[in-house]
Amino acid sequence: MDTCNRCFLLSLAFLVIFFQDSGTNVFGFQGRELIETAEDEALDHSPHFTAGQGIYNVEELEDGDDWQMVQTKGNQFVVNGKPFYVNGFNTYWLMVFAADLSTRGKVSELFQQASSVGLTVCRTWAFNDGQWRALQKSPSVYDEDVFKALDFVVSEAKKYRIRLILSLVNNWDAYGGKAQYVKWGNASGLNLTSDDEFFSHPTLRSYYKSHVKTVLNRVNTFTNITYKDDPTIFAWELMNEPRCTSDPSGDTLQSWIAEMAAYVKSLDAKHLVEIGEEGFYGPSAPARTQFNPNSYATQVGTDFIRNHQALGVDFASVHIYADSWISQTISDAHLQFTKSWMEAHIEDAEKYLGMPVIFSEFGVSTKDTGYNSSYRDTLISTVYKTLLNSTKKGGSGAGSLLWQLFPDGTDYMDDGYAIVLSKSHSTANLISLHSTRLAIFNSRCSWHCRWGCRKKNSLETFLYHDYL
């Protein structure tokens, strides 16, 4: 079958998945026989998923199955030469839950639910420094049971074909973070007065490097695969939301990023590396600071364009929290900011960086004044539509990660942003539809025909029309 016909049949089959129970006539086709043929043809050429009642059912990887590293090709992600646009999520506490046998099952439950709506990437913590159920109890001293819990998270992710972005330290105090590194330094006899000395003091830099080396060289006790050789890991994240407010010039953080990105690459040249930044513009691009949510964002020591030009950084990371940065009262201004914030960073990734950009945290809190589920769906739809506008032009908008996805029975962990799919049907449908659209872009045929076939108009109707 020629690639153009594959494109059309794949898109038609995905449409059937969503509309077969509603009685909708897709593109005016009436014949059930044609629809069934289209489903069969599309699924024959889309081996990773099987269709069923509007969700994805993931087939577990078999021995010898092809599971390749994610790479970059210009401003896009690719896997085995095919495009890889990301629809993903965050659940930061997976390692801690896996460390307790009474809650370990929630890890598997989460991955199953995420895969059922086509999510393919999860961002989670590969750190817990000096706290309750710590991974790193003190510099270079680890709790093997907690490390085995991280092993379990990685192995379960692979079963459900979900790749992981593993973050290596926190800017904030939760789970230890840079403050814990400073405490360790002072306990060893250093005279440190600021948490930002995490970025500059050579001893603390050596602590961090030691942690990086330990994690990357870890041999998974479930799979017997070294982390640095495991394609299940999408990328290493240097730090969750780094800020260095003691040096608004950005020089201190820039030095740290340059050193640590190069160090990670020296240990592991196979995996991608990203910084973990929120995306604030700094002194190197004064004209772009107009896109910052407030004036304070310019003073936190980050510098989006300059930071991502450091050697060893493979793609850009940006967060979106209008309800934290602008106002906790919900308004249309949040949606306007989200769209302009995204478009600015996509443009910069194309024009100055030549790399993909992932909006690796975004969401809205149920605790915000004026919150309702309809607004949340509108915000999510705004993010997805902005990315699709980039995708259809071959731009740098490479994906997004919801903050955050929870399985049933974990509401006590909710920070206000948790999405439980079983309790949020409209949101689940929105996520699933976006996954379907990206699956079409990620199909082999889309790479070859680039929508140049005679079925283009029908295909674009599905890709860009708002059905929800």
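Is F77 buried or exposed in this structure? With a relative accessible area of 1%, F77 is buried. The model shown in these views is predicted.

**Figure 1. The ring of F77 meets the ring of F234 in an edge-to-face pair.** The ring centres of F77 and F234 lie 5.1 Å apart, and the ring planes stand at 70°, so the arrangement is classed as edge-to-face. F77 belongs to strand β4 (residues 76-79) and F234 to strand β11 (residues 233-237), so that the pair links distant parts of the chain, 157 residues apart. F77 is buried at a relative accessible area of 1%, and F234 is also buried, with 0% relative accessibility. Across the whole structure, a search finds 33 aromatic pairs.

**Figure 2. F127 and Y175 form an edge-to-face pair between two loops.** Here the ring centres are 6.4 Å apart and the planes are at 85°; an angle over 60 degrees counts as edge-to-face, so F127 and Y175 receive that description. F127 is located in the loop between β7 (121-125) and β8 (136-138), while Y175 is located in the loop between β10 (163-167) and α6 (177-187). The two residues are 48 residues apart, and their pair links distant parts of the chain. F127 has 0% relative accessibility and counts as buried. Y175 has a relative accessible area of 16%; because the limit for a buried residue is under 20%, Y175 is buried too.

**Figure 3. Eight aromatic residues are joined in a cluster, and two arginines lie over phenylalanine rings.** The cluster linked by ring pairs consists of F280, Y281, F304, Y321, W325, F337, W341 and Y417. Elsewhere, R104 is placed over the face of F152, at 4.6 Å from the ring centre. R218 is placed over the face of F147, at 4.3 Å from the ring centre.

**Figure 4. Helix α13 runs roughly parallel to helix α14.** The axes of α13 (residues 373-391) and α14 (residues 425-442) come within 10 Å and cross at roughly 5°. Because angles under 35 degrees count as roughly parallel, this crossing makes α13 roughly parallel to α14. On the α13 side, the contact is made by R376, D377, I380, S381, Y384, L388 and T391. On the α14 side, S426, T427, L430, I431, H434, R437, L438 and F441 take part. By class, the contact has 7 nonpolar, 5 polar and 3 charged residues. An α-helix has 3.6 residues a turn, so residues three or four places apart point the same way.

**Figure 5. Helix α6 is mostly covered.** Of the 11 residues in α6, 8 are buried. The buried residues are G177, K178, A179, Q180, Y181, V182, W184 and G185. Among the elements that cover them are β8, α7 (197-200) and α8 (202-216). After α6 comes G189, whose phi is positive, near 110°.

**Figure 6. N80 and R161 each have a positive phi without being glycine.** Most residues other than glycine have a negative phi, and most peptide bonds are trans. N80 has a phi near 55° and is found in the loop between β4 and β5 (82-83). With a relative accessible area of 45%, N80 is partly exposed. R161 has a phi of about 55° and is placed in the loop between α5 (144-159) and β10. R161 is buried, at a relative accessible area of 9%.

**Figure 7. A cis peptide bond joins W403 to Q404.** Omega of this bond is near 0°. Q404 is found in the loop between β15 (397-403) and β16 (405-406). G416 lies in the loop between β16 and β17 (419-420). The C-alpha atoms of G416 and Q404 are separated by 9.4 Å, and the two residues are 12 residues apart along the chain. G416 is buried, with a relative accessible area of 2%. Apart from its neighbours within four places in sequence, G416 is in contact with V364, S365, T366 and K367.

Terms used. Residues are numbered from 1 along each chain as its sequence is written. This is a predicted model: local features need pLDDT of at least 70, side-chain atom pairs count only at pLDDT 80 or more; totals for chains, interfaces and linings use all residues. Side-chain values use heavy atoms; hydrogens and water are left out. Axes are lines fitted to C-alpha atoms, for helices over the stretch in contact, and angles run from 0 to 180 degrees between N-to-C directions. Helices (H or I, at least four residues) and strands (E, at least two) are DSSP runs, numbered from the N terminus. Angles under 35 degrees count as roughly parallel, over 145 as roughly antiparallel, 65 to 115 as roughly perpendicular and the rest as oblique. Contact means heavy atoms within 4.5 Å. Ala, Val, Leu, Ile, Met, Phe, Trp, Tyr, Cys and Pro count as nonpolar, Asp, Glu, Lys and Arg as charged, and the others, Gly among them, as polar. Rings of Phe, Tyr and Trp (its six-membered ring) pair if their centres lie within 6.5 Å; planes under 30 degrees apart count as stacked, over 60 as edge-to-face and the rest as tilted. Buried means under 20% relative accessible area, exposed over 50%, partly exposed in between (1.4 Å probe, protein chains only). A charge sits over a ring if NZ of Lys or CZ of Arg is within 6 Å of the ring centre and within 35 degrees of the ring normal.
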